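This report describes selected strands, helices and surface features of one model. The sequence and structure follow.

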Amino acid sequence: MGKRPLVWVFSAFVLGILLWHALGGELHFGVTQHLRSGFARWEAENKESTVSGLIIQTKEESDYCQLRLHHCVLHTGSTNLSIPDILIYQKEKIIYRQGDFIEGTGVLKLPEKPRNDGGYDEEAYYFGEGLLGKFYDAEVHKKACVGLMRIEAGFYRGFGFVREKASAMYGKVLASEEAELLAAVCLGKKDGISEDVKENFQNAGISHVLAISGTHISVVGILLLNLFGKSGISLKIRAGLSFLAVGLFAFGTGGTPSAIRAMLMFGVYLLSIVLGKSYDGLSTMAFVGIIQLLWEPYRLFSTAFQYSYTAVFAVFLALEWIRIKFKKIHPLLSALIISSFVFCLTYPLTVWHQGQIPTYGILFNPLALLFVSPLLTLGLSGTLLGGCFLKPFGYGLIWLAGKLGTGLIGLAKVYGWLFGSVLFTGRPTVVSLIGYGIVMVILLYFAFAKKNFLYMWCGIALAIIIALVPFPSQNQVCMLDVGQGDGVYLETKEGITCFVDGGSSSKKKVGKNTILPFLRYHKKKKVDVWFVSHLDEDHISGLLEVLQSGYPVTRVCCFEGIRQDDRLADFAEAIRQAGSQMVLVPAGKCFYLGGLSIVTFGMEGEEPNAASLGLLVRYPQQKTAFWLGGDMPTEVEEELAPFIRKKRKAGDLLYMKANHHGSNGSNSEAILQALRPRTVLISCGKNNRYGHPGKEALERILKAGSSYGVTTKTGQITIKMENGRIIEKNNLMYDTKNSCK
């Protein structure tokens with residue numbers, strides 16, 4: 001490392017960008033804070049705008065088509081403003097293609113920070129990719145390109161045409177799952193990959209094979225060098241043609257940071273061959289990294305960029321160690337050593353971004369890579385031959401590549417069946433990751449100084465130990481932002497975990513995309529008790545997804561007076577199939593659950609909302625209580641108010657989850673006077689069609705002397721109780737002066 005000054009320069013460059021960004025500095029060509037703040041005001045005013053740009057990427061889903069626009073210009077009256085790339089989500093059946101120049105009119109939406117713990121950080125992704133924002137359902141029409149942009153448009157249109165023709169060819173020869181995998185691996189076209197396959201690949205730690213990266217570029221480059229080598233062309237021309245073709249492939253398949261990094265490194269490799277110089281991987285990586293960050297410094301915050309450079313650094317570090325230690329080594333042992341280095345060095349990124357690690361990934365990755373190189377070689381060769389003059393032979397190669405793809409999919413499935421195949425690590429603290437990094441630097445030093453690979457296994461053992469150690473339990477209540485629905489998480493210092501409801505009528509897959517990531521973020525291996533107020537979709541859709549996923553839920557508790565119908569029978573069957581226990585609780589029951597005192601309320605009724613299960617949950621040692629009443633209407637609230645008043649403990653600090661998402665037909669004066677809440681927490685969806693929260697309900701809340709917080713404004717609302725102190729997180733509370741305007 002001491003003989004590689006470029007590596008130190010690259011490291012200093014990275015630290016400099018991080019420091020500059022932390023101090024609020026703007027990054028050239030990136031989405032600057034100035035642009036963000038300006039468009040935040042624009043979005044708040046719901047101003048319609050017109051943006052034109054060149055489509056450089058398309059992604060087709062079942063219910064929309066995503067278009068990425070480059071060379072974007074915002075048209076506002078007589079002013080034209082150049083802005084970073086944007087995404088347009090189209091529900092129309094008109095399909096626009098790569099290379100089309102379009103103009104869209106709509107409201108530009110800025111990306112959001114995570115709305116819940118463990119949620120998708122859209123803002124970080126957009127920033128790292130150089131994206132400003134997105135349009136939904138914009139009115140779009142095609143326009144003609146002008147000037148030099150026609151050349152770039154022609155390139156994207158041409159490669160898009162090739163991708164479509166190649167994908168169609170795969171569809172003729174292979175089954176759909178094989179064709180979709182081959183299109184992803186060979187062409188970077190991941191639209192058709194099923195969610196199950198993506199999840200299996202992620203759990204097995206081989207998602208990287210679906211992204212155009214160093215493996216793909218090296219296979220393409222070697223194929224071309226061999227092809228041109230038999231033509232008798234001079235070395236310089238062969239190298240130039242190979243680099244040009246690899247560049248077209250890298251940009252045509254999406255121009256991801258890993259693909260561009262691999263393309264530039266391949267270019268340096270070709271240059272070293274032409275000049276007759278030695279090639280040093282670590283120095284080349286650092287040189288290419290400096291070039292990329294000089295041109296696009298915001299790429300440092302791209303997850304793909306971080307993984308790409310960290311993994312390549314680990315590979316070359318492993319090769320350096322192998323060179324020092326061994327004169328001759330078996331390829332399988334070499335692959336195991338490289339996989340171990342990659343695991344240890346990418347561990348902080350994996351647990352930070354994914355919250356899980358593939359337990360056997362070190363062994364499985366080398367095995368999976370045995371499939372990737374021949375799959376790429378056969379797939380790309382078959383595509384070239386099948387699209388030219390040797391169709392039968394090309395189709396045969398594609399068929400063989402498809403069978404290798406089937407084997408790879410099968411391996412990922414088998415991995416998921418292994419005991420403890422995935423360890424959920426939760427979101428570790430920055431301090432713990434810094435500590436891990438310091439230990440890894442020490443272990444790497446001894447590994448090189450002592451030439452002993454066992455030091456790296458110490459790093460692997462440390463990573464697994466960190467993953468296995470549970471987070472300390474705490475007294476906290478979290479109201480998740482599930483859109484138009486309810487989902488409240490309760491935890492005690494004694495280690496008990498509970499959920500109350502969990503569903504949404506406005507968010508798809510709220511269980512998979514919101515509730516399960518939340519639980520894994522907090523490193524919770526099970527939910528002890530899941531209370532269900534009633535069976536409307538916006539209260540149980542997420543719970544059903546959690547049960548179907550296999551995540552352990554010990555008991556599901558419903559109100560004894562719930563309506564006995566087919567919906568209840570289906571719900572009970574889903575609970576049984578998941579291996580959980582269903583318990584019907586009566587009204588007026590008081591019981592204790594690991595540090596919680598819980599009193600149940602409810603009234604029988606034919607109407608689902610009227611038969612909602614109500615809970616008065618108390619943390620006795622913290623003298624704090626929470627009311628959770630489902631969708632109780634006013635008439636039920638008034639009936640139950642005297643009983644609630646009797647059970648409320650004098651001196652308790654009480655929080656109330658607004659009944660029925662803050663509806664005017666709930667949250668009556670009677671229940672507010674019975675509970676006397678400090679704060680009312682309202683869970684509802686943005687711009688919902690029901691008008692929640694209702695203006696009259698908010699006026700009653702304020703009249704009762706309570707403040708309130710709404711998930712549409714705050715995202716997840718968290719209340720922690722530590723030694724009698726209350727810590728409110730993400731609560732935007734409104735006072736009487738500005739609340740009901």
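Which residues form a nonpolar patch on the surface? The patch consists of V430, I434, I438, I442, Y445 and F446, with about 590 Å² of accessible area together. The model is predicted: local features need pLDDT of at least 70, side-chain atom pairs count only at pLDDT 80 or more, and totals for chains, interfaces and linings use all residues. Residues are numbered from 1 along each chain as its sequence is written, and side-chain values use heavy atoms, with hydrogens and water left out.

Patch members have over 30% relative accessible area and no salt bridge, and nonpolar side chains (Val, Leu, Ile, Met, Phe, Trp, Tyr) are joined within 5 Å; a salt bridge places a side-chain nitrogen of Lys or Arg within 4 Å of a carboxyl oxygen of Asp or Glu. Areas come from the Shrake-Rupley method with a 1.4 Å probe. I438 lies in helix α15 (residues 430-450).

Helices (H or I, at least four residues) and strands (E, at least two) are DSSP runs. In helix α16 (residues 454-468), M456, G459, I460, A463 and A467 are buried (under 20% relative accessible area). Seen down the axis, these buried residues fall within an arc of 100°, taken from the directions from the axis to the C-beta atoms, so they line one face of α16. On the other side, L454 and I465 are exposed (over 50%).

Strand β18 (residues 614-619) has six of its six residues buried, so the rest of the structure largely encloses it. Strands pair if DSSP finds at least two bridges between them.

| Strand paired with β18 | Sense | Bridges |
|---|---|---|
| β17 (residues 596-601) | antiparallel | five |
| β19 (residues 624-628) | antiparallel | five |

S597 stands opposite R618 of β18, and V617 has F626 of β19 as its bridge partner.

Conventions:
Buried means under 20% relative accessible area, exposed over 50%, partly exposed in between (1.4 Å probe, protein chains only). Patches are made of residues with over 30% relative accessible area and no salt bridge: like charges are joined within 9 Å, nonpolar side chains (Val, Leu, Ile, Met, Phe, Trp, Tyr) within 5 Å.
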